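Dear colleague,

Please read them with the model open beside you.

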Amino acid sequence: MTMRSINPATGELLIEFDTWDEETLDYTLNQAGHMFEDWSKLTPMEDRCTMIKRVAEVLRDDIEPLAELITLEMGKTTKEAQAEIEKCAWVCDFYAEKGPAYLADEVVETDASKSYVAYLPLGVVLAVMPWNYPFWQVFRFAAPALIAGNIAVLKHASNVPQCALAMEEVFRKAGFPDHIFSNLMIGSDKVEQVIRHPVVRAVTLTGSENAGRKVASIAGSELKKTVLELGGSDAFIVLDSANIKDAVQGAIVGRYQNMGQSCIAAKRFIVDQFIADEFVDQLKTAVEEKFVAGDPMVPETTLAPMARQDLLDELHEQVMASVELGAKIVTGGYQLDRPGCYYAPTILTNVSSNMPAYHEELFGPVAIVIKASEPAHALGIANGVEFGLGGSIWTNDIATAETMARGMESGATFVNNITFSDPRMPFGGVKNSGYGRELSEHGIREFTNVKSIWIK
């Protein structure tokens, strides 16, 4: 079996890699297990933090070639790719500074002479990561997990093998010993085997709902902890008091950044019926004026390709199936007539609950607009899907917005801003968007043994 790196802007095959045989995989996992004792107990946390800070320095020093690699393998513009690398450096700096306090023993007053809670590492943690943010998804797990004393093994998406290898090299350049962070050159057919391997103690996955169910089932049968960040169909609620211009600008970024290939992208625009037509008109104008297709390596390009042709085809099928059931295309709805995986930024209206566009995740540059009669109706629509990752509310009525934010069934709700991840705030979902949290103190504690110690 091979792993193929293909440039989505041209369709060109960049490089192929042979996947590992059983012996190489087993050796790497066992070496990771052997390193756990040294890393967790013999390497002080202060030293682990210093090394993570070095990782941030390497990322910033090599930002241009690393960003170029992201663009080559999954297609986002170099501007977005460089922002992704900078965010990875930020999360490393953040945990290098905050990690020791987050993991410090917590004194608890009991009948004991001394009692406290300690946060101790679990061991080898498998990360199964996606292609859409090929560096960020990995580093937001790796930085806290390694500072906590865990060992990281990465099974990355098969279409970004060069990014996976580059990350392993980043840790090597930062001075990490071998097998503290290891990339596994395997296909998805080997994931179950890795989960069941004796040295692996936990699994984190960012990916599809279907992948999450499979990983959770396997890990559950082995009684190994999982953290799952799965799909999303985030609501973007616009109430009648909102500044429409601001909401439209937020919509452009929230829906179309990374060509819409983001779990926390705004996907369902739920707009008050009295301003919906004006919102759609302004959004259409903004979409048609902003996006210019071209080489994502060129700064002037604002419309990059989607990551793979099969993903584009699946998105188009969802759009066309919704149109057949009555949805209206305001703009877009087709693949561009040029080499590469370019899909026209699309807006759909007249969307109802019997359509794929309403209840399925549209992982690409397609926005759907649904009219709501009042705030309670809008919140009901927002909560009326099986996903619950993020969401946003746009209004000048902050009191109403805060009440709605608490009532939205999601892991995060933003008022007058798009949904985004921030190392200072926990990140994760509810319902079919998964469970567990990344980032903040909650994320660094996910892969620890929360241990009670009582002394008399």
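By class, how many nonpolar, polar and charged residues does the lining of the second largest pocket have? Before the answer, two remarks on the basis of the values. This is a predicted model, in which local features need pLDDT of at least 70 and side-chain atom pairs count only at pLDDT 80 or more, while totals for chains, interfaces and linings use all residues. Residues are numbered from 1 along each chain as its sequence is written, and side-chain values use heavy atoms, with hydrogens and water left out.

The lining of the second largest pocket has 18 nonpolar, 12 polar and 8 charged residues, where Ala, Val, Leu, Ile, Met, Phe, Trp, Tyr, Cys and Pro count as nonpolar, Asp, Glu, Lys and Arg as charged, and the others, Gly among them, as polar. A pocket here is an open set of points on a 1 Å grid over the protein atoms alone, where a 1.4 Å probe fits, with protein on both sides within 12 Å along at least five of seven lines, and its lining residues have an atom within 4 Å of a point. This second largest pocket has a volume of about 910 Å³, a volume being the space filled by probe spheres set on the points, which are joined across faces, edges and corners. Of its 38 lining residues, E80, Y133, V253, Q257 and N258 lie nearest the centre, and the largest share, 6 residues, comes from helix 4 (helices are DSSP runs of H or I with at least four residues, strands runs of E with at least two, numbered from the N terminus).

The largest pocket has a volume of about 1100 Å³ and is lined by 36 residues, with W131, G207, S208, E209 and A211 nearest its centre. Helix 8 supplies the largest share of that lining, 6 residues, and by class the lining has 16 nonpolar, 11 polar and 9 charged residues.

Helix 1 (residues 22-42) bends by about 35° at M35, the bend being the angle between axes fitted to the seven residues ending there and the seven starting there. M35 is also one of the buried residues of helix 1 (buried means under 20% relative accessible area, with a 1.4 Å probe and protein chains only).

Finally, the structure holds 0 disulfides, a disulfide being a pair of cysteine sulfur atoms within 2.5 Å. C88, buried at 0% relative accessibility, has its sulfur 7.1 Å from the closest cysteine sulfur, in C92, which is too far for a bond.

Best regards

Methods: Buried < 20%, exposed > 50% of the residue type's maximum accessible area, 1.4 Å probe, protein only.
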